[in-house]
Amino acid sequence: MGDAGCVHFASYVKEYGYEPYSYVHGYFSACVNKEARLRKALSCLCYKCGSSGPQLYCCLHCIYFACKGAHITEHYKHTKHFMALELCYGMLYCYQCRDFIYHSKCQTIAERHLWLEARSLDKSLSWRPWSPSRLEIELLLKNPKRRHVTALTSIGLRGLLNLGSTCFMNCIVQALIHTPLLRDYFLAELHECTAKTAAKCLVCEVSRLFQEFYSGARGPLSLHRLLHLIWNHARHLAGYEQQDAHEFFIATLDVLHRHCKTSMKEQAAKAAAAAAAAAAAAAAATDKSKSSSSSSTQPNSHQPMQHSGSNYLQQQGTAQQDGTGALAQSGPNALPLSTAGNQSQGGANTATGTGNQSEPNQTQCNCIIDQIFTGGLQSDVVCQACNGVSTTIDPFWDISLDLGESSNGQGGYGGPPRSLIDCLERFTRAEHLGSSAKIKCNKCNSYQESTKQLSMRTLPIVASFHLKRFEHSSLIDKKISTFISFPAELDMTPFMSQIMSDQQQQQQSAVPHSPSSSSSSFNERTGGANGSSTGTSLNSDSTARLPVDKNTADFRYSLYAVINHVGTLDAGHYTAYVRHQKDIWVKCDDHIITTATLQQVLDSEGYLLFYHKKILEYE
C-alpha cells in the first residue's frame, strides 16, 4: 500500500470526496473548536448500546457511531458501508481490506485539525509519532534495503585516529556521537546550512561525522577537518600540544551553538522577507481586483457574496498558515557560553554565570545544543542582618565540582568528597562568605555579611559533570587522583531549588523563630505569593523553561558516557567509555574499540561524566 490508501478508499473519495472525512475528524476526533467539543459530547455515543467508549468508530458513509467490534461490524454487514474512522486516534479503517489504511491527504487534514485543536485549547501539540516527509518516502522507496540493528551490531562504533596528542578531542567526539537526541537530530538531517561554503561550517562537519559513524563502515576515522575548524573558531585551542578535554568540550558546544544560532537567525530573516513579499503581492492583487471590479460593475449593482458552510475548516486552515508565517518571523536570541563551578567565589561553592553579560532574552535560543545541554543554576545570597534574599539564575552547560579539602569544616562535610553525591551536596551547601566578601543589601542599604547557596533551578536533558582533578596554584600544579565513585543511575531531585526550599521551610517551622522573618525569607527565596522579592535579580529567570511541578517531574538520570584521564598532569592520555546500546558498554582508546562491563566503567577514575535524563517531559 502506498501513500494514497487502498483502492477501496480511492473509490470512496471518487464518490464522496474528502468533505465527510474532514467533517468527522474535525468535529468528532480532533475537535477543532468549542462547538465541535459540544457536538462530540452530545453525539459520540454508540447507536447500538449508548456507550461512549472505550473505542468508537464512525461510518464515513452515513455518520453512524458504534463501538469497536460487534456493533460497528454489524453495521458494515447490514449496509455494506466499508469506510470508517476510529475516533480516538483518528485512523482510517477499511472493512474490505480488514485493516487500517494510510492516506497522505487525509494525514495533512488531520494534522491541520490537531493544530486547530491545540490552539483552541491554548495548549501545545500533543506528541505524535514520526511520519515521513515526501522526500523521505522517495528515499525509502529508492533504497528498499534496511539495516537491522541487533545486540551484536557495530553500527555507530568507529575508532578515531590520533593526529598527535588529539586524544582529548577523540573522547569528546565519542561522547557527543553517543548522545541520543544529538544523534537523532543529525541523522534526520535537520540542520540547514546557511553558510556560503559548507566546508567552513562546524555543524555541517559534525553532521558528516554522524553519517560516517552510522554508515556501517568499520575503519577508523580522521578528524583533521573538525580539528582545523575548531582551531579557526577557538584560537586558544590551536596547536599540537595536549589540551584539556573539558575545555575542548565547552569550546565545541560554544562554536556549535553560535553556528546554529546564526543559521536560525538567517532562516528567520529569509522567512520574514518571504512573508513580507507575499503580503505585498497579495495587497497588490487585492487592489487590482478592487479597481477592476469597480470599473466593471454598474452603479447601485449588488454582487452576491459567495459562501459555503463546508469551507469552514479550510478557512481555519488558512488562519493556521498565517499564524505559522508570523511565528517564523521571530528569530532566536543568543545564549552565552557558561559553565557552573569554574570560577572561585570564596570557597568550595563556585559558579560561573555569564547572565549579566548576556544578550536580552538570552534563553529563548532554541538551537539543538541549548535544548539538550542548557540548564539553570540558581544562586541565593541571604543577608545575615535582615534575611533578605537576592536570587540570580544563570544558564550552564556543565557543572564543575571541586575535589579538594573543604574550606569550611564546621557544620557539614569537611573532608574531601568520596562520591559524586558528596560533591553535589558540597556544591549545593550554604556557604558563609565572611567579612572579606560583604555585599550591599538593598534592604539594609549597607554592606553586610551574607551566606550563599547554589541549587538547580532547571536541569538539562544531558547533565554533564566535570570533576576538577587538575589543581593549579601559584606554588604547584598537581593532579588529584582520588577515586570518586559515581552511580549508573542518578537522582537529582534533592538538589532542585524547590525541593531544597521546602526542606528549609520544614526545618524553620520545627525551630522557634519569628514568623515574619521566616515567612519573608522563604517567600523571597521561592518567589513569594506575588512572585517578587526585594533585592532579587532574575536576569535569567525568563530562562525559561520554568521548573516543572515537583510532584510530576522526574529528575532521574542514566549514565551513558565517562571520560577518563590516566597519567600525570604533564604526560597523560584520555580514554572514553560510552554506552553503545542498553547494557552494552565499549571502551574507546583512539582507534581501538573494545567491549567493557558496567563495573569497569564504575571503577574508572572519572574526569567527565555524562548523564541522560531517563524520562523527557514534552512541553
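User: With the side chain of which residue does the side chain of D398 make a polar contact?

Analyst: This is a predicted model, and the answer should be read as such. D398 sits in the loop between β7 (389–396) and β8 (399–402). The N or O atoms of a polar contact must lie within 3.5 Å, and the side chain of D398 meets that limit at 2.6 Å with the side chain of H246.

User: Is D398 buried or exposed?

Analyst: The cut-off for the buried class is a relative accessible area under 20%. The relative accessibility of D398 is 1%, so D398 counts as buried.

User: How many residues apart in sequence are the parts that the pair of E74 and K48 ties together?

Analyst: E74 forms a salt bridge with K48, in which the closest N and O atoms are 3.2 Å apart. E74 belongs to helix α4 (residues 70–79), while K48 belongs to the loop between α3 (34–43) and β1 (56–59), so the pair links parts whose separation in sequence is 26 residues.

User: Which strand holds D402, the salt-bridge partner of K468?

Analyst: In the salt bridge between K468 and D402, the closest N and O atoms are 3.2 Å apart. K468 lies in strand β13 (residues 462–468), and the pair ties together parts 66 residues apart in sequence, because D402 lies in strand β8.

User: At what N to O distance do the side chains of K478 and E471 meet in a salt bridge?

Analyst: K478 is partly exposed, with a relative accessible area of 39%, and E471 is also partly exposed, at 30%. A salt bridge requires a separation within 4 Å, and the side chains of K478 and E471 meet at 3.8 Å.

Note on methods: Residues are numbered from 1 along each chain as its sequence is written. This is a predicted model: local features need pLDDT of at least 70, side-chain atom pairs count only at pLDDT 80 or more; totals for chains, interfaces and linings use all residues. Side-chain values use heavy atoms; hydrogens and water are left out. Helices (H or I, at least four residues) and strands (E, at least two) are DSSP runs, numbered from the N terminus. Buried means under 20% relative accessible area, exposed over 50%, partly exposed in between (1.4 Å probe, protein chains only). A polar contact is a pair of N or O atoms within 3.5 Å; within protein, one must be able to donate a hydrogen and the other to accept it, and residues adjacent in sequence count only if both atoms are side-chain atoms.
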